[in-house]
Amino acid sequence: MKNKTVPILVIGFVVVMALGALVAAFPLKSAVKFYRQVTMERIRSAVDVQPSSQTNAVYVGSKVCASCHADIYEVQHHSMHPKMIQDAKADPAVMVADFASLPADASFAKDEVVYTIGSKFKQRYMLRKDTKAADGSAVENYVIGNYEWNTETQVWQPYKAYKDWYHDAWPEDNAQIPTSHTCDGCHFTGFNSRYTRVEPGVNCENCHGPGSAHAADPKEGSIYVATQQDPQRAMEVCLQCHMRNVDKRLENPKVTVKDLYGDARDGPYGYEPGMPLSKYKLQEPFKPGESDSKFYGNGVGKKNRMQGNDYVQSTMYKHGITCMNCHDPHAVDNTAVNPRGAQQCMVCHKFGSPIGPHQYSAVAHSRHEPGPRSPDCIDCHMPKVGQHTGKSPYTVRTHVFRFIYPQESIDYGIPNACNACHDKSLEWTQQKMDEWGMTTWERH
Ligand code: HEC
Ligand code: HEC
Ligand code: HEC
Ligand code: HEC
Ligand code: HEC
Ligand code: HEC
Ligand code: HEC
Ligand code: HEC
């Protein structure tokens with residue numbers, strides 16, 4: 001009897017202490033939610049998890065969903081996603097550029113614009129130019145004007161689509177490059193999978209897949225919800241667009257960009273939410289040590305829409321933290337205009353906690369006293385290293401999250417967090433970090 005009580009007491013004590021330590025390390029309420037998410041079974045990247053009721057379904061457009069999901073529709077409708085493509089004929093006010101200053105050699109006039117692409121950082125203009133089907137009949141198509149409006153600097157600048165990875169697969173003239181192959185999959189609803197522009201902009205079915213069967217019978221016709229399984233697979237609905245890629249056929253070492261002349265496709269054509277994205281998408285390759293137009297030599301993205309290319313390198317991605325942990329998929333909040341600040345990180349992180357930061361206070365971790373101009377988590381872990389165009393300011397925050405050292409700025413020309421605030425030499429900054437004991441072998 002006595003012999004058994006002692007070990008039970010010891011075990012009980014250890015369990016209570018361990019639970020206590022866990023509670024102290026994590027805010028309990030968020031930890032439970034977080035635990036279920038990160039321990040979900042990984043179902044691997046090749047499994048198709050689209051509900052069978054969607055196999056023969058068609059895209060119906062968000063107005064149909066709105067009839068039963070008015071609240072979500074309202075939130076989503078006011079986000080930037082549906083505004084990606086706007087109908088310039090229906091509402092000319094969506095054109096944010098100053099057309100009075102449009103250069104004389106522009107390939108388009110204001111009244112020729114059918115759709116606008118973007119608005120926040122830059123705006124490009126879609127002009128109707130049909131292509132021919134195999135049987136000779138006309139197919140609705142578009143090309144892009146040769147000038148873009150830079151919203152950040154408020155000037156017109158030349159836009160040359162061929163400068164992208166597919167430069168050897170399309171002519172230099174924008175008027176010869178149909179948007180069907182290079183843009184529409186990521187900007188219209190339904191185009192990636194069905195090659196039809198069901199609706200302009202990013203809407204319900206871009207993330208939930210074709211909805212006709214569900215709309216006809218919500219109980220029997222199930223519809224894909226990304227977060228119901230494997231958190232890494234959940235992110236695929238976002239990565240279909242928020243990750244730079246090249247034509248999937250280039251995976252075959254015998255195929256070159258030139259072989260795809262007049263047919264190269266940007267975007268994961270054929271993909272629908274729930275299908276294994278890796279079957280449709282080939283991530284834009286990066287060569288370690290070499291900088292090119294998209295990547296710095298340390299693998300960090302230089303351009304916009306590289307959140308996915310960046311994030312898959314992060315420990316957070318590997319451990320099942322998703323885009324949805326930081327961005328509401330319907331409001332698409334937590335942006336520069338509508339930030340959530342440092343608290344969003346502290347939902348999971350805590351000073352002195354096992355997942356870091358491994359110091360017991362903000363000052364010990366960041367080496368800065370608190371103050372209105374002092375750095376917060378995002379300043380140091382998501383510095384602005386990318387540009388929307390070659391003539392834009394650095395406004396794109398990285399999603400690699402790991403700290404980018406001043407030494408990497410010296411080696412690869414990438415901006416770093418410290419020098420964004422301190423007008424000092426890169427050597428000064430790296431030296432300060434050395435003095436703080438940031439060890440050399442942690443520098444990439
Ligand atoms: C006729 C009304 C109706 C229409 C139209 C409709 N839904 Fe639903 N939806 C429902 C109902 C009811 C549920 C809850 C079903 C349940 O609990 O089994 C639901 C649930 C959902 C869910 C959650 C599913 C889950 O497994 O948790 C999603 C996502 C969804 N709908 C998206 C859409 C989208 C996208 C559209 C437009 C293509 C749409 N719905 C159109 C009635 C509708
Ligand atoms: C950018 C991708 C995206 C778009 C666009 C989108 N959803 Fe969702 N939706 C999601 C994700 C991801 C979830 C799961 C959210 C979670 O688990 O926190 C979700 C959840 C839902 C749910 C079930 C859970 C809930 O919040 O009630 C419904 C219903 C739904 N969406 C309907 C819609 C409708 C209707 C639209 C269009 C008006 C829409 N969604 C547009 C990604 C999207
Ligand atoms: C079909 C392509 C597509 C999908 C799917 C998609 N996005 Fe987007 N996303 C875009 C485009 C295009 C924009 C730019 C919108 C604009 O500027 O009008 C954007 C903008 C955003 C923004 C910035 C919003 C703002 O107010 O500036 C966030 C955040 C975002 N997306 C997150 C997500 C997340 C998270 C998911 C997955 C749940 C997702 N997106 C899925 C194409 C997509
Ligand atoms: C693989 C998907 C994908 C392809 C292909 C793609 N885009 Fe985008 N685009 C996005 C996403 C995602 C964003 C928003 C996220 C970001 O900018 O970081 C975006 C942003 C933009 C913006 C800025 C939006 C704003 O509000 O400032 C413009 C303009 C744009 N794209 C034009 C184009 C044009 C033109 C093409 C074709 C030549 C194209 N894109 C091809 C996914 C894509
Ligand atoms: C750990 C949190 C976190 C995760 C995970 C995360 N983001 Fe972000 N994201 C942010 C923060 C913070 C910002 C910048 C907000 C600001 O500027 O204040 C941001 C900015 C963005 C923007 C640009 C918004 C703008 O201002 O134009 C896009 C687009 C975006 N994220 C998409 C994604 C996508 C897609 C994923 C998944 C691959 C993702 N994010 C994962 C925290 C996160
Ligand atoms: C939903 C939970 C969650 C949120 C929210 C979150 N993190 Fe994390 N973070 C994690 C986990 C889990 C890890 C992995 C820890 C480990 O394995 O040591 C991690 C790791 C990290 C790392 C080390 C990453 C690396 O790749 O070296 C950094 C830096 C980080 N997070 C910064 C942030 C910042 C900044 C924010 C806020 C914008 C944030 N995190 C928000 C859960 C989260
Ligand atoms: C002044 C810049 C700075 C600020 C502000 C900052 N960090 Fe860090 N953080 C770093 C550096 C540098 C590292 C790399 C670790 C090292 O070398 O000591 C790091 C490492 C981390 C790690 C990896 C684990 C570890 O301790 O090494 C996490 C997690 C993290 N930071 C989260 C955060 C969060 C959350 C915030 C906001 C409360 C934050 N950081 C604010 C500079 C900063
Ligand atoms: C968001 C802006 C911001 C960022 C990012 C930032 N600092 Fe600072 N830093 C400040 C401010 C404000 C002060 C003065 C207040 C203080 O001393 O805490 C300061 C003070 C300092 C000081 C002491 C005063 C001096 O000039 O000698 C050093 C050293 C320093 N920072 C180095 C760094 C390093 C290294 C990094 C990157 C890890 C960094 N800072 C990132 C704003 C920033």
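This is a predicted model: local features need pLDDT of at least 70, side-chain atom pairs count only at pLDDT 80 or more; totals for chains, interfaces and linings use all residues.
Reader: Which residues come nearest to ligand 4, and how is its shell divided by residue class?

Author: Of the 24 residues around ligand 4, the nearest are Phe121, Cys183, Cys186, His187 and Arg305. The shell holds nine nonpolar, 10 polar and five charged residues.

Reader: What makes the site of the iron atom of ligand 8 octahedral?

Author: There are six donor atoms, with angles of 87 to 178° among them. The class asks for opposite donors over 155 degrees apart and all other angles between 65 and 115, and the site is therefore octahedral. The ideal values for six octahedral donors are 90 or 180 degrees. From the protein, NE2 of His368 and NE2 of His422 coordinate this iron atom, at 1.9 to 2.0 Å.

Reader: Why can these two histidines be said to tie together parts apart in sequence?

Author: His368 lies in the loop between helix 16 (362–366) and helix 17 (377–381), and His422 in the loop between helix 19 (417–421) and helix 20 (426–435), so the pair joins parts that are 54 residues apart in sequence.

Reader: Why are His368 and His422 called partly exposed?

Author: The relative accessible area is 25% for His368 and 32% for His422. Buried is under 20% and exposed over 50%, so both values fall in between.

Reader: How do you know that strand 1 and strand 2 pair?

Author: Pairing needs at least two bridges, and strand 1 (residues 85–87) has three with strand 2, in the antiparallel sense. Gln86 has Thr116 as its bridge partner in strand 2. Strand 2 and strand 3 (residues 122–128) also run antiparallel, joined by four bridges, and Thr116 is partnered there by Tyr125. In the hairpin of strand 2 and strand 3, four residues stand between the strands, and Gly118 takes a positive phi near 80°.

Reader: What makes strand 2 mostly covered?

Author: Five of the five residues of strand 2 (residues 113–117) are buried, which means that each is under 20% relative accessible area.

Reader: Which polar contacts does ligand 2 have with side chains of His208, Thr227 and His330?

Author: A nitrogen atom of ligand 2 is 2.8 Å from a side-chain N or O atom of His208. An oxygen atom of the ligand is 2.5 Å from such an atom of Thr227, and a polar side-chain atom of His330 lies 2.8 Å from a nitrogen atom of ligand 2. The cut-off is 3.5 Å, so these pairs qualify. The shell divides into eight nonpolar, seven polar and no charged residues, and helix 4 (70–77) and helix 8 (204–208) each supply at least two residues.

Definitions and conventions:
Residues are numbered from 1 along each chain as its sequence is written. Chains are lettered from A and ligands numbered from 1 in the order in which they are written. Side-chain values use heavy atoms; hydrogens and water are left out. Buried means under 20% relative accessible area, exposed over 50%, partly exposed in between (1.4 Å probe, protein chains only). A residue is near a molecule or strand if one of its heavy atoms lies within 4 Å of it. Ala, Val, Leu, Ile, Met, Phe, Trp, Tyr, Cys and Pro count as nonpolar, Asp, Glu, Lys and Arg as charged, and the others, Gly among them, as polar. Donors are N, O and S atoms within 2.8 Å of the metal (3.2 Å for Na, K and Ca); water is not among the atoms, so sites may look incomplete. Four donors count as tetrahedral if all angles lie between 85 and 135 degrees; four count as square planar and six as octahedral if opposite donors are over 155 degrees apart and all others between 65 and 115; anything else is irregular. A polar contact is a pair of N or O atoms within 3.5 Å; within protein, one must be able to donate a hydrogen and the other to accept it, and residues adjacent in sequence count only if both atoms are side-chain atoms.
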